[in-house]
Amino acid sequence: MKRGLERMTLAFAEALKAAAEGEVPVGAAIFDGKGRLLACAHNRMESDRDPTAHAEILVLRAACARLQAGRLEGCEIYVSLEPCPMCAAAIGFARLRRLYFAAYDPKGGGVEHGARIFQQKSAFHCPEIYGGIGEGRGREILATFFRERRQEGPKAARETPARPQSARISVSSRPPHSDHEPS
Ligand SMILES: [Zn+2]
């Protein structure tokens, strides 16, 4: 999974850009079947005033625009955090071939937790799923962001708009199946 880790570093770099902008640090990258980078994106919910501006949604749109296509068959998406149910569903609609994500999100994730979108009968397309790729780094980026934000104190917290999604993200637990790879 060395190649996966190398590509995940792009998602991490995007997550750090999000953190620098005061966004919950989640980043994503999409590669085509030949290994060419199509697009990168990070969370922009606050700056776009858009609750759907998750890294995955933005990177899907950018990759589709680049290919002038409505589907991304044969492509791979790398995300620094387990996608939420909205993004997991969008990844299914886009027909991506593989989904790689780093940190698990027991509270907000929708792939290995919660809604488990790809395990539902309504999921007509299920990518190959590889969770926990660079998990330690993915968790560290989130933990650092929330620790620094807590240290900013109540004044900063008052001036910062509520971010319900961030409150649901937990970076502390690690499910027992975190190193699995589908056969
Ligand atoms: Zn999402």
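Reply: Happy to! Two strands pair if DSSP finds at least two bridges between them. Do keep in mind that this is a predicted model.

Me: Which residue of strand 3 stands opposite Phe31?

Reply: Strand 1 (residues 27–31) and strand 3 (residues 76–81) are joined by four bridges and run antiparallel. Across from Phe31, the residue in strand 3 is Glu76.

Me: Is strand 1 largely enclosed by the rest of the structure, or exposed?

Reply: Gly27, Ala29 and Phe31 point one way from strand 1, while Ala28 and Ile30 point the other way, and all are buried. That makes five of the five residues buried, so strand 1 is largely enclosed by the rest of the structure.

Me: Now the helices: is helix 1 roughly parallel or roughly antiparallel to helix 5?

Reply: Helix 1 (residues 2–20) packs with helix 5 (residues 135–151) at an angle of about 5°, their axes lying 11 Å apart. Angles under 35 degrees count as roughly parallel. Helix 1 is therefore, relative to helix 5, roughly parallel.

Me: How many nonpolar residues are in the contact of helix 1 with helix 5?

Reply: Helix 1 brings Phe12, Ala15, Leu16 and Ala19, and helix 5 brings Arg137, Ile141 and Phe145. By class, that contact has one charged residue, no polar ones, and a nonpolar count of six.

Terms used
Residues are numbered from 1 along each chain as its sequence is written. This is a predicted model: local features need pLDDT of at least 70, side-chain atom pairs count only at pLDDT 80 or more; totals for chains, interfaces and linings use all residues. Axes are lines fitted to C-alpha atoms, for helices over the stretch in contact, and angles run from 0 to 180 degrees between N-to-C directions. Helices (H or I, at least four residues) and strands (E, at least two) are DSSP runs, numbered from the N terminus. Angles under 35 degrees count as roughly parallel, over 145 as roughly antiparallel, 65 to 115 as roughly perpendicular and the rest as oblique. Two residues are in contact if their C-beta atoms, placed from the backbone, lie within 7 Å. Ala, Val, Leu, Ile, Met, Phe, Trp, Tyr, Cys and Pro count as nonpolar, Asp, Glu, Lys and Arg as charged, and the others, Gly among them, as polar. A residue is buried if 20 or more other C-beta atoms lie within 10 Å of its own, exposed if 12 or fewer, and partly exposed in between; C-beta atoms are placed from the backbone.
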